Amino acid sequence: MDDSRTVWCGNLAEQVTEEILYELFLQAAPLERVKIPADRGRKSNFGFITFKHEVSVPYAVQLLNGIKLFEKSLNIKPRNGGAQREQNVLQNPLS
């Protein structure tokens with residue numbers, strides 16, 4: 001998984017599937033994959049979404065963080081913890 005192109009999405013409702021996350025995050029940018037890990041057969045309440053392009057990460061975070069899905073607000077962060085780089089991309093998208 002390419003961390004620079006991946007966001008972590010937490011606070012998922014039990015009903016959320018990889019397909020639902022794919023359709024939601026596709027609204028922000030082209031995707032490569034969506035994964036909701038399972039622990040002993042149970043789905044996690046978080047998932048990872050990998051975009052085709054690194055510049056899609058800050059846009060997706062800005063667009064979708066806090067959006068409600070099955071009455072739960074999603075918590076979305078860059079997987080690499082690159083908050084500083086995210087801010088730089090938002091301020092200087094072409095650099």
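This is a predicted model: local features need pLDDT of at least 70, side-chain atom pairs count only at pLDDT 80 or more; totals for chains, interfaces and linings use all residues.
Residues are numbered from 1 along each chain as its sequence is written, and side-chain values use heavy atoms, with hydrogens and water left out.

Helix 1 spans residues 18-25, and L21, L24 and F25 within it are buried (under 20% relative accessible area, 1.4 Å probe, protein chains only). Viewed down the helix axis, these buried residues fall within an arc of 85°, so they line one face of the helix; the arc is that of the directions from the axis to the C-beta atoms. Helices (H or I, at least four residues) and strands (E, at least two) are DSSP runs, numbered from the N terminus. The cover over the buried residues of helix 1 includes strand 1 (6-10), strand 5 (46-51) and helix 2 (56-64).

T50 lies in strand 5 and, at 0% relative accessibility, counts as buried. Its side chain is joined to that of T6 by a polar contact of 2.9 Å (a pair of N or O atoms within 3.5 Å, of which, within protein, one must be able to donate a hydrogen and the other to accept it; residues adjacent in sequence count only if both atoms are side-chain atoms). R5, in the segment before strand 1, is buried with a relative accessible area of 14%. A polar contact of 2.9 Å joins the side chains of R5 and E32.

Conventions. Buried means under 20% relative accessible area, exposed over 50%, partly exposed in between (1.4 Å probe, protein chains only). Contact means heavy atoms within 4.5 Å.
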